[in-house]
Amino acid sequence: MSEGLPSSPLSSPPESVVNVRLGSPVKDDKASPVSSNHVESKVETVAENVVIAKQPTASPERKVEGEKKPLSHDSDESGQSSVQKRKASISKNPASTKKPRHAAPAARKSAQDKKWEAPFVFTDSKSPLVNADLRAILLHPLAWDILTPEEKQDVLAKFPDETHLLDVGTQDARPNPVSLRNDDNFRYDCARYCENIQLGRHDEEWLSQAWVAHEKHKRGDYDQFLRERFEDEWETKLPAEH
């Protein structure tokens, strides 16, 4: 440094400090003179940088376990785009959409329910009426109440007389359950009806053949056959008028 500079230690910084700050070798003492104010500001700046460099660096924040990093704007946009793409693919292919689990199929009738449906219940040999008490069923009050007015008139028309009817000729006409319960013919007819179901005599084909035979019998097609059969079994001749 030139001889005109003051001898204060702050007026001329050490060579090591100048090298660290400026990153260049120390200039020769024969360099151009520098003002004391300029040198002091340089020294103060270098000293501040040295103090800051020696300060301990802050430790990185520890990541809290279970803490989720918030999604950035880019990730939100990418997530949105993937959802939109999936919705678009589903709309193009509706067959791939799943049906809701709560949508239950239509209720199916059990085998027991089907046994009580017509015509199975009164034609099939496995009908539940085979082992049922048909007489008790018909005498139950609800058996008459559930019928429509047309069905009630149809049932009343099948009675041979008015012996077992109440309030004949009125809108309240109905069978008399008390007299039917004590009638042996009604008891026998109910039992035979169930027996005919078990034997298959209410089958549509069987009934068709039975009606054909009935008409032939009325016409007299079996008279000669029955006459000869009687005479063979009893070994006697019938009069001509028979």
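Visitor: What volume does the largest pocket have in this structure?

Guide: The largest pocket has a volume of about 1500 Å³. Bear in mind that this is a predicted model.

Visitor: Which residues are the closest to the centre of that pocket?

Guide: Look for Leu138, Leu147, Val155, Phe159 and Phe186, which lie closest to the centre among the 33 lining residues. Two or more lining residues come from each of helix H5 (120-123), helix H6 (134-139), helix H7 (141-145), helix H8 (149-157), strand S2 (174-175), helix H9 (177-181) and helix H10 (184-198). H10 gives the largest share, five residues.

Visitor: How many nonpolar, polar and charged residues does the lining have?

Guide: Sorted by class, the lining of the largest pocket holds 22 nonpolar, four polar and seven charged residues.

Visitor: Where do Phe230 and Trp234 sit in helix H12?

Guide: They are four residues apart in helix H12 (residues 223-234), so about one helical turn separates Phe230 from Trp234.

Visitor: Is Trp234 buried or exposed?

Guide: Trp234 is exposed, with a relative accessible area of 59%. Phe230, at 31% relative accessibility, counts as partly exposed.

Visitor: And what about charged side chains?

Guide: Side chains of opposite charge can pair when their charged atoms come close. A search of the whole structure finds seven salt bridges. One of them joins Arg219 and Asp221, with the closest N and O atoms 2.5 Å apart. Here Arg219 is exposed at 58%, while Asp221 is partly exposed at 40% relative accessibility.

Visitor: Which residue forms a salt bridge with Lys158?

Guide: The partner of Lys158 is Asp154, and their closest N and O atoms are 4.0 Å apart. Lys158 counts as exposed, at 64% relative accessibility, and Asp154 is partly exposed, with a relative accessible area of 44%.

Visitor: Which residues do salt bridges with shared partners join into one network?

Guide: Start with Lys237 and Glu231, a salt bridge whose closest N and O atoms are 3.8 Å apart. Lys237 is exposed at 68% relative accessibility, whereas Glu231 has a relative accessible area of 15%; buried means under 20%, so Glu231 is buried. Through shared partners, Arg227, Glu231 and Lys237 form one network of salt bridges.

Note on methods. Residues numbered from 1 in each chain as written. Predicted model: local features only at pLDDT ≥ 70, side-chain atom pairs only at ≥ 80, totals over all residues. Heavy atoms only, no water. 1 Å grid on protein atoms, 1.4 Å probe; cavity = no way out; pocket = protein on both sides within 12 Å on 5 of 7 lines; lining within 4 Å. Points joined across faces, edges and corners; volume = space filled by probe spheres on them. Nonpolar A, V, L, I, M, F, W, Y, C, P; charged D, E, K, R; others polar. Buried < 20%, exposed > 50% of the residue type's maximum accessible area, 1.4 Å probe, protein only. Salt bridge = Lys/Arg side-chain N within 4 Å of Asp/Glu carboxyl O.
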